[in-house]
Amino acid sequence: MIATIIQRAVMQGTPLLFGSTGEILTEKSGNLNLGIPGIMYVGAISGVAGSFIYEQSVAVLNPFLAILIPLVCSILGSALMGLIYCFLTVSMRANQNVTGLALTTFGIGIGNFFGGSLIKLVDTDVPSISLSATSTIFKTELPFAHSLGSFGEIFFSYGFLVYVAIIVALISSHVLKKTRTGLHLRAVGESPETADAAGISVTKYKYISTCIGSAIAGLGGLYYVMDYANGVWSNNGFGDRGWLSIALVIFSVWRPSISILGSILFGFLYVIPTYIPNITVSTKILFEMLPYVVTILVLIITSIRDKKENQPPAALGLPYFREER
Amino acid sequence: MKKINNFLHQSLYVSPFHIAKRDNIVWWKAWIIRIIAVLIALLVCGTITIALTDINPVKMYFTMIDGVVGTPRLVWNMLQNTAILLCISLAVTPAFKMRFWNIGAEGQVLIGGLATAICMIFLGEKLPAPILITLMIISSIVLGAFWALVPAYFKTKFNSNETLFTLMMNYIAIQLVAYFTLEMSVPKGSGTPRVLEYGQLPVLFGQKYLINILIVAVITVIMHIYLKYSKQGYEISVVGESEKTARYIGINVKKVVLRTMAISGAICGIAGFLIVAGTDHSLKSDSAGGRGFTAIMVSWLAKFNPVFMVLTSLLIVFLEKGASKISEVYRLNSSFSDIITGIIIFFIIGAEFFINYKIKVNLKDKEERV
């Protein structure tokens, strides 16, 4: 049973891991992108739309294309959202919070609108969007998943996107910590004036990191629909996972490697109430509050301890205009 | 050598245009830019609508207007919604003017509503209406202010990031309200929110929402005077412009931050009170309905000016109600309104750039610059 709980926690945590890795990359450049919840919806619905049209157009799915099409659509869709954010905040110098919140409204709107009316728009007669064939391919487990007992269940029983999430988090962690690009990116987020003076293009770094970050976050939405929800789109089904991802960024003190464990912990808090016997629905609601409470505690503790490496990027949320420095 | 040449070439490159800050723009020019932005946005929305459906966009906009002001009931509904959105926008404004990013309005509103609902349920039968309503107002103000003071305290004491802190406080409030709604629903645990019979706001002149609108009108006037003519309002502006200057001229920044956030939370609490006691007569976890976030856009679009805020909140409510009417008439998914609102806000946000900056074309060519 413990193996099952861990497995379910990992599955719950994966969308959060994608979201928080993407948001960490974005925030490291000084952009506080509050549009992440919207971007994750767009990532999900773009993948669903691509896959839906593909499934409708062919009789037998090519497994390679069945994965590639939604993946590419999802990445393009969410990167485009990142581009809108960057254009407005970096080039048009708009307020980051306002732009981010507008992006969330817009993104959730896009997700629910197309989720609700895709069938009508494509003009087919299927009753609902259910991509079970594609979902089966997304959910293909590694070999040995069932032959190695609980060990196999804990480590091998996931669809490939779970491993992608962990690998992306590890790569991001490496890039941020060990490479020159990462150093430049952190410089842009900590002190854009200094970075600019050192010849680093602040605009370029902000654009690229935000778009890549958005694309990664969007994959979280795709994972949720294709794997976790078995390819069935339901409006608002994704819930507040986008905001939880932002909470996870704080919880993991802006380190993607910590957010791997953090995502499993958040997932654990999410699934644990179902395993407590005789639990009432209202107590379950109180359990859902826990990740946010824990996050606030982490935020308070890190600011009290005031260790430099655990703080948010110094220029987070602040605009940078060379003329005004 | 080649490297140096390259470097020289790069540094001499003059981009075809550059951006300069405008000192001051005549107010009517600013409004022309904004109106043009809205018109372009409506055009874009029309194009998208045709692309997705076969609806005639002109007809669509008429449907929209009809759906908002078609009948007296709809007009009152719109005014009511505008009042609540305006109230929350006014609440976040002093904090924003101080550059304290209070994005926790959603939670502060809900907590205010929760305080109101608790009074209505537990004291409703025992107290006469005037005392009950006074208690409801006081408790919603106190709890709303408390919910805002927690992040403010940690900001002033340990410099915790206020944007992230207030954001997280929202979800704690949402879960608390969800818990309470479930516990208090009749029959218990069914999830149907209880109708709160005692302590409803009185109906003035036969109009259910009039008292809400009047209360918010009073708050608007007071807030305008407070921000523009009071000493405290001046202190808020100074802290917002430059914390260092504020400290230099002897303003106690911590005190100003705490006081302003308490005011911000208190007015959010009043908004929660108005929603529960004046409009809904019940409390759900989505009673605030995202308006705590929308208010941030409303306040920012109005440049933190309470009078302009009346217009911007009216615009947003108009768009939301109108677009949901469209989706109802043409049987589109109701989220269509979010897309329309999103696009229009993007354009208005973009328009601010052209109000604050001007783009100058660089006429001189490279040689002359050398």
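Mentor: Helix 7 of chain A and helix 12 of chain A are roughly antiparallel to each other (an angle over 145 degrees), with helices being DSSP runs of H or I, at least four residues, numbered from the N terminus. This is a predicted model, where local features need pLDDT of at least 70, side-chain atom pairs count only at pLDDT 80 or more, and totals for chains, interfaces and linings use all residues. Residues are numbered from 1 along each chain as its sequence is written, and chains are lettered from A and ligands numbered from 1 in the order in which they are written.

Trainee: What's the angle between helix 7 and helix 12 of chain A?

Mentor: About 150°, and their axes are 7 Å apart. The axes are lines fitted to C-alpha atoms over the stretch in contact, and angles run from 0 to 180 degrees between N-to-C directions.

Trainee: Which residues of those two helices meet?

Mentor: From helix 7 of chain A, Ile166, Ala169, Leu170, Ser172 and Ser173 of chain A meet A:Pro256, A:Ser257, A:Ser259 and A:Ile260 in helix 12. Contact needs C-beta atoms, placed from the backbone, within 7 Å.

Trainee: Switching to chain B, how do helix 4 and helix 11 cross?

Mentor: Helix 4 (residues 72–97) and helix 11 (residues 253–280) of chain B cross at roughly 165°, and their axes come within 7 Å. That makes helix 4 of chain B roughly antiparallel to helix 11 of chain B.

Trainee: And what does B:Cys87 touch?

Mentor: Leaving aside neighbours within four places in sequence, B:Cys87 contacts B:Val216, B:Ile219, B:Ile267, B:Ile270, B:Ala271 and B:Leu274. B:Cys87 is in helix 4 of chain B, among the residues there that meet helix 11.

Trainee: How buried is chain B overall?

Mentor: 46% of its 370 residues count as buried (20 or more other C-beta atoms within 10 Å of the residue's own, C-beta atoms being placed from the backbone). Helix 5 of chain B is mostly covered, with 15 of its 18 residues buried.

Trainee: Last topic: how many residues of chain B are in contact with chain A?

Mentor: 40 residues of chain B, in contact with 44 residues of chain A. Helix 6 (129–158), helix 7 (162–184), helix 12 (291–301) and helix 14 (336–356) of chain B each supply at least two residues of the side of chain B that touches chain A.

Trainee: Which helix gives the largest share of that side of chain B?

Mentor: Helix 7 of chain B, with 12 residues.

Conventions:
A residue is buried if 20 or more other C-beta atoms lie within 10 Å of its own, exposed if 12 or fewer, and partly exposed in between; C-beta atoms are placed from the backbone. Angles under 35 degrees count as roughly parallel, over 145 as roughly antiparallel, 65 to 115 as roughly perpendicular and the rest as oblique.
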